[in-house]
Amino acid sequence: MREHARALEAAGARAVPVRRPQELERVDGLVIPGGESTTMWKLARTFELLDPLRKRVEAGMPAYGSCAGMIMLADRIRDGVQGQETVGGIDMTVRRNAFGRQVDSFESDVTLPALDDPPGPFRAIFIRAPWVEAVGDGVEILGRVERGEQTGRIVAVRQGRLMATAFHPELTGDFRVHRYFADLVRRAMEEE
Ligand code: GLN
């Protein structure tokens, strides 16, 4: 979370933590970080955040999820635990731990043409990462992995004001993803 806050500040945004529904009401956009999506789901239930989150996403609040955050923004998940719920919003099916449990983490260069300012591949860090198995018509594919037999798997998407990456851009010092999201939030604020 601290890394996302740092990246957002570098992108010219002001970052505040959101743990409670009142805190959610005050933000113009939300980053859902990595971690463990099953824990996030349970905590969101306990803190009564799940429904407020769904309502704000439905009402058009921009949100960006990385890794477990990507899972939280998926309308459908595979390999979730029994009863696991998400916030949803992106018309996609995401498979948890898709790269295999034996490969805990890896780094790989990913090309994200829409976020290519300045140009160049992203050094993407994947940690027990999901991938996107299927997307609906309204979902823009921002990037795919290029790595052995997993080449072509979707790892970055956007649908309207929602975006998600299977990897962790906040860990690399490359703030292009956060800049793109901060711009998206600014545009959304202007439109309101
Ligand atoms: N495997 C985790 C999950 O299912 C995600 C890992 C991560 O966020 N780095 O939630």
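These notebook entries record what I looked up in this predicted model.

**Conventions.** I number residues from 1 along each chain as its sequence is written. Because the model is predicted, local features need pLDDT of at least 70 and side-chain atom pairs count only at pLDDT 80 or more, whereas totals for chains, interfaces and linings use all residues.

**Entry 1: helix 1.** I began with helix 1, which covers residues 2-10; helices (H or I, at least four residues) and strands (E, at least two) are DSSP runs, numbered from the N terminus. I found His4, Ala7 and Leu8 buried in this helix. A residue is buried if 20 or more other C-beta atoms lie within 10 Å of its own, exposed if 12 or fewer, and partly exposed in between, with C-beta atoms placed from the backbone. Seen down the axis of helix 1, the buried residues fall within an arc of 100 degrees, so they line one face of the helix; the arc is that of the directions from the helix axis to the C-beta atoms. Strand 1 (30-32) and helix 6 (176-191) are included in what covers them. After helix 1 comes Gly12, with a positive phi near 85 degrees.

**Entry 2: the annotated active site.** I noted that an unreviewed UniProt entry annotates Cys67, His168 and Glu170 as "active site". They span 104 residues in sequence, yet no two of their C-alpha atoms are more than 11.1 Å apart, so they gather at one spot. Such annotations may be inferred rather than shown by experiment.

I located Cys67 in the loop between strand 2 (63-66) and helix 5 (68-72). Cys67 is buried, with 27 other C-beta atoms within 10 Å. Not counting residues up to four places away in sequence, Cys67 touches several residues, among them Gly34, Ile127 and His168; contact means C-beta atoms, placed from the backbone, within 7 Å.

I located His168 in the loop between strand 10 (162-165) and helix 6. His168 counts as buried, with 21 C-beta neighbours inside 10 Å. Leaving aside neighbours within four places in sequence, the contacts of His168 include Gly34, Ser66 and Cys67.

**Entry 3: the annotated binding site.** I found "binding site" given in the unreviewed UniProt entry for Gly35, Glu36, Ser37, Arg96, Ile127 and Arg128. They span 94 residues in sequence, yet no two of their C-alpha atoms are more than 12.7 Å apart, so they gather at one spot.

I placed Gly35 in the loop between strand 1 and helix 3 (37-46). Gly35 counts as partly exposed, with 17 C-beta neighbours inside 10 Å.

Methods: Two residues are in contact if their C-beta atoms, placed from the backbone, lie within 7 Å.
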